Amino acid sequence: MDLQLDQLRALNAAVTEGTFEAAARSLRVTPSAISQRIKALEDAAGRILLQRTKPVRATESGLAVLRLARQIDLLAGDAGRELGDTAQDAGESDRPAARPVRVPIAVNADSLESWVMPALSRVPSGVCFEIHREDEEHTTRLLRDGTVMAAITSTAAPVQGCKVDKLGAMRYRPMASPEFAQTWFGDGATAKAYAAAPVVLFDRKDDLQDRQLRRRSRQPLDPPRHYVPSSAGFAEAVRLGLGWGMLPDLQVSADEAAGRLVTIDGDAFIDVPLYWQQWRLDSPALSGTAAAIAAAAATALR
C-alpha cells in the first residue's frame, strides 16, 4: 500500500477530533481536503476505514491504519523536537518552535487522583498529554484499538506491539465512617452484615467490592448499592456514611488518622497490581513519560 503522510494525518485528526470539520480546523485545511485524503487512503487500503457517524469511528480495518498513523505522528513529533533543539543549539533562533508531541495515555481513576499527576508534571516540556480515565482492568482495550499509546493496567500480558513493566500494587481496604461501621458492623464483618449494609461502587465495572463480598460468603450477596463515578466523590460518599467501600491506602491515611474512616473487617485487604504498557517504539516522549511514571510508582506503590 502507498500510504501518504497527509492522508494518515487526516485519518488521525478525524478520529481524534470526531468530525471532518474539526479535523480540518486542526490541520488548517478544508473539510473537503480531509474527505478527499481519507477517500484516497481508503482506496489505497482497498477497504473502508471510517464509519461516517458523529463522532466518526474507525472500522476494524481502520484501527490498524490508525495505529500506524499515530505511531508515525509520535515519531515525527519526536524528530521535530530534536531538530528544533539542534537548531537552537546552532543559534538558528528564527526557526519556529516544534509543535508539542501528543501522548494519549489511559489511567485508572485512583492512580490519577493520587500519584500520577505529580509524575506527569516531571516529564520534560514539549509533551502534551491526553488522559483517558478507565478502570485498570479495561485500559488494555484502549491500547489495542490505538486510542492511547500507553496505559496503567492490571494486565501483565503485553498487548500485541506493546511492552510491559511492573509498577507495584495499590492496597485497598474495606472502609466506612465510624457511625456507619457501628450501625451495620457492630457485631463484626459477618456475611449477614455484608448482605444488608449499603455499599459504594465506582461504576458497574468496579469489581473490588464484590471481590470482598465473595471472600466473606460462599453465597452471592447483593446489598444496596450506590454508584459514584469519581475517585474523590467515592471517598466522600464513604466518609459521609452512604455505604462502605474499598479505598486505597494512598487516599485514606489522613482520614484514618483523624478518625473519619475506620476499617470494617480487621486486616482484610486487596492488592491490585499495576503495570505500565506502552507501544514498542523508540520514542523520547514515551520513554520520558515511562521514566517519570516508574519513578513515582517506586515511591507511591507497594
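In this predicted model, the charged end of Arg-204 lies over the ring of Tyr-227, 4.1 Å from its centre. A second contact of this kind involves Arg-171, whose charged end sits over the ring of Phe-269 at 3.7 Å from the ring centre.

Aromatic pairs number four. Two of them are set out below.

| Ring pair | Distance of centres | Angle of planes | Class |
|---|---|---|---|
| Phe-180 and Trp-184 | 6.0 Å | 35° | tilted |
| Phe-185 and Tyr-194 | 5.2 Å | 70° | edge-to-face |

Phe-180 and Trp-184 both belong to helix H7 (residues 178-185), where they are four residues apart and thus separated by about one helical turn. Phe-180 is buried at 5% relative accessibility, whereas Trp-184 is partly exposed at 34%. In the edge-to-face pair, Phe-185 is buried at 7% and Tyr-194 is buried at 0%.

Strand S3 (residues 101-107) is mostly covered, with six of its seven residues buried. S3 pairs in the parallel sense with strand S4 (residues 127-133) over seven bridges, and Arg-102 stands opposite Cys-128 of S4. Together with helix H5 (residues 109-120), S3 and S4 form a right-handed β-α-β unit. S3 also pairs in the parallel sense with strand S5 (residues 150-153), over two bridges; here Ala-150 is the bridge partner of Ile-105.

Turning to the cysteines, Cys-128 is partly exposed, with a relative accessible area of 40%, while Cys-162 is buried at 3%. The disulfide count is zero.

Methods
Residues are numbered from 1 along each chain as its sequence is written. This is a predicted model: local features need pLDDT of at least 70, side-chain atom pairs count only at pLDDT 80 or more; totals for chains, interfaces and linings use all residues. Side-chain values use heavy atoms; hydrogens and water are left out. A disulfide is a pair of cysteine sulfur atoms within 2.5 Å. Buried means under 20% relative accessible area, exposed over 50%, partly exposed in between (1.4 Å probe, protein chains only). Two strands pair if DSSP finds at least two bridges between them. A crossover is right-handed if, with the strands pointing away from the viewer, the path from the first strand over the helix to the second runs clockwise. Rings of Phe, Tyr and Trp (its six-membered ring) pair if their centres lie within 6.5 Å; planes under 30 degrees apart count as stacked, over 60 as edge-to-face and the rest as tilted. A charge sits over a ring if NZ of Lys or CZ of Arg is within 6 Å of the ring centre and within 35 degrees of the ring normal.
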